[in-house]
Amino acid sequence: MAAFLGGFAAVNTLGMTVLDRRGELGTVRLLGSTRRQVLHMARREALPVATAVLVPGTAAATLPARAALRGETLER
């Protein structure tokens with residue numbers, strides 16, 4: 001579950017990044033870059049973004065998941 005939530009956050013962040021940068025990617029293509037070059041550039045930039053989102057997202061999802069497995073609840 002933690003991996004799913006962390007992965008979902010990473011995919012969502014990367015999707016929003018690409019949508020925000022459509023104009024920039026189009027300009028790079030217009031200036032003569034091939035599709036392969038643009039894709040390579042996006043993948044190179046996606047790795048640190050995915051890591052920056054996946055690590056804290058997984059940690060944030062793991063703590064409540066472990067508590068739930070132990071039978072703990074928010075009620076005290």
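So, the fold: this predicted protein has 3 helices and 0 strands, where helices (H or I, at least four residues) and strands (E, at least two) are DSSP runs numbered from the N terminus. Going along the sequence, you get α-α-α. The radius of gyration is 18 Å, well over the 11 Å that the globule rule gives for 76 residues, so the protein is more spread out than a compact globule. That radius is taken over C-alpha atoms, and the rule is 2.2 Å times the number of residues to the power 0.38. Along the principal axes, the C-alpha atoms fill a box of roughly 60 × 15 × 15 Å.

A quick word on ground rules. Residues are numbered from 1 along each chain as its sequence is written, and side-chain values use heavy atoms, with hydrogens and water left out. Since this is a predicted model, local features need pLDDT of at least 70 and side-chain atom pairs count only at pLDDT 80 or more, while totals for chains, interfaces and linings use all residues.

How confident is the predictor? On pLDDT, its per-residue confidence from 0 to 100, the protein has a mean of 83, and 93% of its residues reach 70 or more. Confidence is lowest in helix 1, at a mean of 77, and highest in helix 2, residues 22-30, at 91.

Now, the surface. Of the 76 residues, 17% count as buried, meaning under 20% relative accessible area; exposed is over 50%, and partly exposed is in between (1.4 Å probe, protein chains only).

Methionine 1 sits in the segment before helix 1, and with a relative accessible area of 74% methionine 1 is exposed. Methionine 1 and alanine 67 are 66 residues apart in sequence, yet 13 Å apart in space, C-alpha to C-alpha. Proline 64 is in helix 3, and at 48% relative accessible area proline 64 is partly exposed. From proline 64 to valine 18 you count 46 residues in sequence and 31 Å in space, C-alpha to C-alpha.

Valine 18 takes us to the largest pocket, as Val18 is one of its lining residues. Which others line the largest pocket? Leu14, Thr17, Arg21, Leu25, Ala42, Glu45, Ala46 and Val49 do. Helix 1 (2-20) and helix 3 (35-69) are the elements that give two or more residues to this lining, and helix 3 gives the most, with 4. By class, the lining has 6 nonpolar, 1 polar and 2 charged residues. Here Ala, Val, Leu, Ile, Met, Phe, Trp, Tyr, Cys and Pro count as nonpolar, Asp, Glu, Lys and Arg as charged, and the others, Gly among them, as polar.

Note on methods:
1 Å grid on protein atoms, 1.4 Å probe; cavity = no way out; pocket = protein on both sides within 12 Å on 5 of 7 lines; lining within 4 Å. pLDDT = per-residue confidence, 0-100.
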